[in-house]
Amino acid sequence: MEHQRILDRALDNLRDRVLLLGGETETALQRAMYALAERDTGTAEEVLRDDDRIDQLEVEIDRLCVETIARRQPAARDLRFVISVAKITPILERIADHACNIARVAIDLNNEPQLNAPVDLPRMAAHASSMLRTALDAFTSNDADAARAVIAEDDELDTLYDQIFHQLINLMVNDSSTTTRSARLLFVAKHIERIGDYVTDICELTVYMAEAAFIKHSN
Amino acid sequence: MAASTTQAAMKVTIETPKTERAATGSADESQAAAKITVSGLNFYYGPVQALSHISLDIPGRMVMAFIGPSGCGKSTFLRTLNRMNDTIPGTRVEGSVIIDGQDIYAPNTDVVSLRRRVGMVFQKSNPFPKSIFDNVAYGIRINRLTGSKSELEGRVEEALKDAALWPEVKDRLKSSALGLSGGQQQRLCIARALAVKPEVVLMDEPASALDPIATQKIEELVVELKKQYTIVIVTHNMQQAARVSDQTAFFWLGKLIEVNATEKIFTAPNEKLTEDYITGRFG
């Protein structure tokens, strides 16, 4: 009984830390996009500064996963949970890195005249952010169906990326003075598109955790 | 001891793990076939029913582990596989245990011959107060399995090698077996069981009294032995079951709850009872 309480405490602690990391990552993405849309260099710099906290959280969760496996030897659903946490953690950290890259672009663009480009990057970012939030909810509630639904949403993000890609290329072709700024926005679109892929990875791990089914590369 | 059929018996058939089949090719098909088929087995200690409607196939040349809480019937079931329970007064068996097509509970079964084919290793090592050589030679001699001294010596050496004990004892075969360490004594008992060339080896918690190094040697030995023998092992140590077995059967209150590939049992068992047990959430 005592052993079980210790294992449950370890698993609860892991879950709390991942949710904290997920929340920090989601905030980083939202603030980076805010900094980009509102030309707010201060907020962009805060995103970069706060990334250290996310990195430390990743290290802490890694250490907790190793300790839990070594000392508690989880099995079955507990094992799948710990393995999923160990894999989701670096994914969240990479999403935060993409948020940092968006913040860096925001800082660069803020040193140049505003580009009135007809591209809806905020919509794309909102979609990615919503996917991330729903994916974390699905992970927390061990809900494979919800995770699968998020995976299906990645197609829409890819479609938005393609639209923005072509809009920005056309802008560069038609007005060469926008080339640098358009290229920077193109990078932002690519970062958001990659975040969608990472969210898909999180959802695949949630399906594994809930159902012991390996769906990655299954299509 | 009359055999009877039980309509309600649950039949559990095990799939050979894909990796095992792939690794050994077509020759493995015969090995994957059931060496032991248990059907509708009930077992009673006097009026108390200890096993209920157990049906399962134990594949040849693999390791099957039995796990479950104390008193769940796993050791009792193990002992039904070579009729060791016959020695306990007031016990009764229903159902059938078929080994290579022969029902071991049929009236004409030669129980001595059966126990030669289905050897057993116990929790506590129990070497005879004899020399290392005589311990291993004991079963060969009483079963009159060899005709010459050199043949006997060859069989003893072979058994000690199979039990991974030969390098440690080859220079002191005439020394008392009681002078060996606990782990060595247990491997000697395994050598003694192997010396009569059994087809199946039953192991009842063979490493529970050993230190981690001796336990590791026993576990490596078990994995090695499955190339030649069908191994059935009872263990309280779930990590040990996970390490050494190809298939795992979970028992609870005298019932077989689930039998499956070990990887499946320890990562995604089908039954909630199994999951609750291996994650420590029982009761």
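Two strands are said to pair if DSSP finds at least two bridges between them, and strands (E, at least two residues) and helices (H or I, at least four) are DSSP runs numbered from the N terminus.

## Basis of the model

This is a predicted model, in which local features need pLDDT of at least 70 and side-chain atom pairs count only at pLDDT 80 or more, whereas totals for chains, interfaces and linings use all residues. Residues are numbered from 1 along each chain as its sequence is written, chains are lettered from A and ligands numbered from 1 in the order in which they are written, and side-chain values use heavy atoms, with hydrogens and water left out.

## The sheet of chain B

Chain B holds an open sheet of four strands in the order β2-β1-β4-β5, with antiparallel pairing. Because β2 (48-59) and β5 (102-103) of chain B each have a single partner strand, they stand at the edges, and one side of each is left without a neighbour in the sheet.

Strand β1 (residues 34-45) of chain B pairs with β4 (residues 91-99) of chain B over eight bridges in the antiparallel sense; here B:S39 stands opposite B:S96, and B:F43 faces B:V93. Eight bridges also join β1(B) to β2(B), again antiparallel, and in this pairing B:Y44 lies opposite B:Q49 of β2(B). The hairpin formed by β1(B) and β2(B) has two residues between the strands, and B:G46 takes a positive phi near 60 degrees in it.

## Nonpolar cores

A nonpolar core is a set of buried Ala, Val, Leu, Ile, Met, Phe, Trp, Tyr and Cys residues joined through side-chain atoms within 4.5 Å, where buried means under 20% relative accessible area (1.4 Å probe, protein chains only). The largest such core has 71 residues, and A:L121 and A:I192 have the most contacts inside it. Among the elements of chain A that give two or more residues to this core are α1 (2-38), α3 (76-110) and α6 (179-211), with α3(A) giving the most, 16 residues.

A second, separate core has 49 residues, including B:L165 and B:Y277.

## Where the chains meet

Twelve residues of chain A are in contact with eleven residues of chain B, contact meaning heavy atoms within 4.5 Å. Between chain A and chain B there are four salt bridges, each defined by a side-chain nitrogen of Lys or Arg within 4 Å of a carboxyl oxygen of Asp or Glu. A:D8 forms a salt bridge with B:R281, and their closest N and O atoms are 2.9 Å apart. On the side of chain A that touches chain B, α1 and α3 of chain A are the elements that give two or more residues, and α3(A) provides the largest share, five residues.

Methods: Buried < 20%, exposed > 50% of the residue type's maximum accessible area, 1.4 Å probe, protein only.
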